[in-house]
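Me: Hey, can you walk me through this structure? Start wherever you like.

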Amino acid sequence: MAATLQRLYSKSVCNSLQGIILNKPFIRQQLLLPWSSRNVSFCSDYQFGSATAEVYSNAGTDTGGVIVSEGFLRWRNGGGIFHSSAQIDSSALVEFGAVVHENAVLGTEVHVGSGTVIGPSVKIGPSTRIGYNVSISNCSIGDSCVIHNGVCIGQDGFGFYVDEHGNMVKKLQKLNVKIGNRVEIGANTCIDRGIWRDTVIEDDTKIDNLVQIGHNVIIGKCCLLCGQVGIAGSVTIGDYVALGGRAAVRDHVSIVSKVRLAANSCVTKNITEPGDFGGFPAVPIHEWRKQIVRAQIANKRKT
């Protein structure tokens, strides 16, 4: 009697388990294969009255995880998904929900947060930390960088032109973004890939939240970009430049090193000498202050 109950119990557990795991796409696909090709096994534990299902893969054993989809495996350190062609250091952490695409390279101690997508051929240097829901494509990132939540790097910029028929045509954008070492990029910042030259952010530059950096922009080392700064395409910025909150820079403008731009200012032409600037259009700070005083005096006279 005991042996009969034991067999019936084990069979019912395996049947119920089989019905549950058939909802998994990969296992359902395996069960449709001939028995000699299947990688699915069912086993039951008679002593504890429990059953388990395991998915085995030779490729997964070598690279750190089981097969999730065609060409993609589960990373053992964090539970994220990676392509079999990606090169990931064993010390890297890829959290559950993150995806690393083909030919991507992740260095030592890299941390990739949940919901982040690392695109094909992206390179990330050692000790770089990437937050949640980040999108990185067409990009290389240096050592010890910090990329906060929601950042988008390497997408197409806003480049269009009108052809001879009056149609709006998109400009072809095939180049990349290059980010140096120890760069920090705030939440929800967007950095576009290049059209005729790579978009470059050099070492030790710090970028606040909600900053827009257009295609072909070059930003020097040790720069500070405060919240909501907008930099149009093909701008060149030197070293040690600080842009106040909501400052804007027009396209194809150059700014020399050691310039500080006041908040809410707009650069409409090249700045060729170091110093403090402000206003719209941006002028040397002492001149901008004189403009404000003259405007206030004129308003008082009117009243």
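This is a predicted model: local features need pLDDT of at least 70, side-chain atom pairs count only at pLDDT 80 or more; totals for chains, interfaces and linings use all residues.

Me: What's the peptide bond from Phe-280 to Pro-281 like, cis or trans?
Reply: That bond is cis, and its omega is near 0°.

Me: Ok, salt bridges next. How many are there in the whole structure?
Reply: A search of the whole structure turns up six. One of them pairs Lys-170 with Asp-156, where the closest N and O atoms are 3.5 Å apart.

Me: Where do Lys-170 and Asp-156 sit in the chain?
Reply: Lys-170 is in strand β19 (residues 168-170), while Asp-156 is in the loop between β17 (152-155) and β18 (160-162). They are 14 residues apart in sequence, so the pair ties those parts together.

Me: Is Lys-170 buried, partly exposed or exposed? And what about Asp-156?
Reply: Lys-170 counts as partly exposed because its relative accessibility is 42%. Asp-156 has a relative accessible area of 34%, so this residue is partly exposed too.

Me: Which residues are linked with Lys-170 in a network of salt bridges?
Reply: Asp-156 and Arg-193 are linked with Lys-170 in that network.

Me: What's the partner of Arg-260?
Reply: Arg-260 forms a salt bridge with Asp-276, with 2.8 Å between the closest N and O atoms. Arg-260 is in strand β33 (residues 259-261) and Asp-276 is in strand β35, so the bridge ties together parts 16 residues apart in sequence. Asp-276 is partly exposed, at 29% relative accessibility.

Me: Let's switch to strands. What's the order in the open sheet of 11 strands?
Reply: The order is β7-β10-β13-β16-β21-β24-β27-β30-β33-β35-β36, and the pairing is mixed.

Me: Which strands are at the edges?
Reply: Those are β7 (93-94) and β36, and each pairs on one side only.

Me: Zoom in on β24 and β27. Do they run parallel or antiparallel?
Reply: They run parallel, and two bridges join β24 to β27 (residues 224-225). Ile-207 stands opposite Leu-225 in β27.

Me: Last topic: what's up with phi of Asn-188 and phi of Asn-216?
Reply: Phi of Asn-188 is near 60°, a positive value in a residue other than glycine. For Asn-216, phi is positive too, near 70°.

Me: Where are they, Asn-188 and Asn-216?
Reply: Asn-188 is in the loop between β21 (184-185) and β22 (190-192). Asn-216 is in the loop between β25 (212-213) and β26 (218-219).

Me: Are they buried or exposed, or partly exposed, Asn-188 and Asn-216?
Reply: Asn-188 is partly exposed, at 44% relative accessibility. Asn-216 is buried, because its relative accessible area is 2% and buried means under 20%.

Technical notes
Residues are numbered from 1 along each chain as its sequence is written. Side-chain values use heavy atoms; hydrogens and water are left out. Helices (H or I, at least four residues) and strands (E, at least two) are DSSP runs, numbered from the N terminus. Buried means under 20% relative accessible area, exposed over 50%, partly exposed in between (1.4 Å probe, protein chains only). A salt bridge is a side-chain nitrogen of Lys or Arg within 4 Å of a carboxyl oxygen of Asp or Glu. Two strands pair if DSSP finds at least two bridges between them.
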